[in-house]
Amino acid sequence: METGEQVGVEAVPYCCSDFDGGETPARGLAIRTRKTRSLSTSSATACDYRRNQSLHGPSPVTTFGPKACMLQNPHAVMHIQDPASQRLTWNKPPKSVLVIKKIQDASLLQPFKELCVFLTEQKNMIVYVESKVLADTAIAGDESFGAVIQKFCTFREDLDDISNRVDFIICLGGDGTLLYASSLFQESVPPVMAFHLGSLGFLTPFNFDTYQSQVTQIIEGNTAIILRSRLRVRVVKESREKKGIIMTNGDSEGSRKSMQYQVLNEVVVDRGPSSYLSNVDLFLDGHLITTVQGDGVIVSTPTGSTAYAVAAGASMIHPNVPAIMITPICPHSLSFRPIVVPAGVELKIMLSRDARNTAWVSFDGRKRQEICHGDSITITTSCFPVPSICFRDPVNDWFESLSQCLHWNVRKKQNYLSSEEEEF
């Protein structure tokens, strides 16, 4: 992005609590009693709780016993800011915003119009909208909205580059709108504010009822953000003239075609329409670790751990945990369990030599394509995360979504046992 439109993460001074041989008791999460989400009502509650420990674990001691120590490697030092102190700030006031609306949803027409009028007329923002959104007859045919439409800047997916034109993004819809926003930016992603106007809303923490005050606070800056890691995926295909030309958005390496993607949730490799088991080899940093025999395999980010992966039996991982999840889909093995690997590893998936059929791959549910013998899928953590604006903070927002959207650990409580009943 241009210098005038850069977004920074404000570093808040952090002091570790005293450590006298034992761990400092961790404070509990603030109790969530609210029914609606509003920034104005959350500010006072957030001040009641101050985190006195980093979301990262403590720095480990590197001396072991009287004589052993860890070999120091100055080239391998990496400093990561405490996620609890990651806050959005603007180098210069934002001037442009991309509004993403769920297509063909009549219930979003009025919120979309209200938001666009507010942004253009009250905030004097340059509003970017996808061309196919304005193709809706309910929008194009509204004469009262015509003056606002003329102020829009439009673009077309995969044809127009808006990466250096948009200061922040507002999503109206469900979790799919956030995934779509991620797909539009293959490198640096502007901050994303997602309103819950869809069905599930795990990734959309804001209610639209008080959108004016919420958007105003984002424009003014100083709000909590969570950096949702993405996967950098490279698909290399062998050229097959008999199957026609392979369309690419990447590089050409002789007889091979290369495509690259940025994935927020997961990469899914499955058996497609075939009745045979998928049979794919899984490599980690160049070493074959296993062969997947089943319906397929899911490689997901921590954000994607609460999507397809959790439905396939994986654990749910907080988005601040640097990791990659590998989850088999209906494996034909009693011992193939989901695993979590470090975020920095490089995974590679290829069809096994003795595979009976091809495989199919999709990226966040899109760009589905066939994988044949000789093709490869290389996956690692991207250095371009999605900065998602929090309603309160990364921890409370996540547990709120677990409770409200997935009803995590909802159970009728056991009755209290009276003293008379204890005797029996």
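1. Basis. The model is predicted: local features need pLDDT of at least 70, side-chain atom pairs count only at pLDDT 80 or more, and totals for chains, interfaces and linings use all residues. Numbering runs from 1 along each chain as its sequence is written, and side-chain values use heavy atoms, with hydrogens and water left out.

2. Main core. A nonpolar core is a set of buried Ala, Val, Leu, Ile, Met, Phe, Trp, Tyr and Cys residues joined through side-chain atoms within 4.5 Å; buried means under 20% relative accessible area, exposed over 50%, and partly exposed in between (1.4 Å probe, protein chains only). The largest such core has 33 residues, and Phe112, Leu115, Leu119, Phe152, Ile170, Phe195 and Val215 have the most contacts inside it. Elements giving two or more residues to this core include α2 (109-122), β8 (168-173) and α7 (211-220). Helices (H or I, at least four residues) and strands (E, at least two) are DSSP runs, numbered from the N terminus. With six residues, α2 gives the most to this core.

3. Leucine 115. Contact means heavy atoms within 4.5 Å. Not counting residues up to four places away in sequence, leucine 115 touches Val99, Ile170, Leu172, Phe208, Tyr211 and Val215.

4. Helix α6. Seven of the nine residues of α6 (residues 175-183) are buried, so this helix is largely enclosed by the rest of the structure. Asp175 and Tyr180 are among the buried residues.

5. Aspartate 270. This residue sits in strand β14 (residues 266-270) and counts as buried at 14% relative accessibility. Its side chain makes a polar contact with the side chain of arginine 368 at 2.9 Å. A polar contact is a pair of N or O atoms within 3.5 Å; within protein, one must be able to donate a hydrogen and the other to accept it, and residues adjacent in sequence count only if both atoms are side-chain atoms. A polar atom of the aspartate 270 side chain also lies 2.7 Å from the backbone nitrogen of glycine 272.

6. Strands β20 (residues 359-363) and β21 (residues 366-371) run antiparallel, joined by four bridges; strands pair if DSSP finds at least two bridges between them. Tryptophan 360 has glutamate 370 in β21 as its bridge partner. Two residues separate the strands of the hairpin, and aspartate 364 in the turn has a positive phi of about 55°.

7. Cysteines. Cysteine 372 is buried at 9% relative accessibility, and cysteine 390 is buried at 5%. The count of disulfides (pairs of cysteine sulfur atoms within 2.5 Å) is zero.
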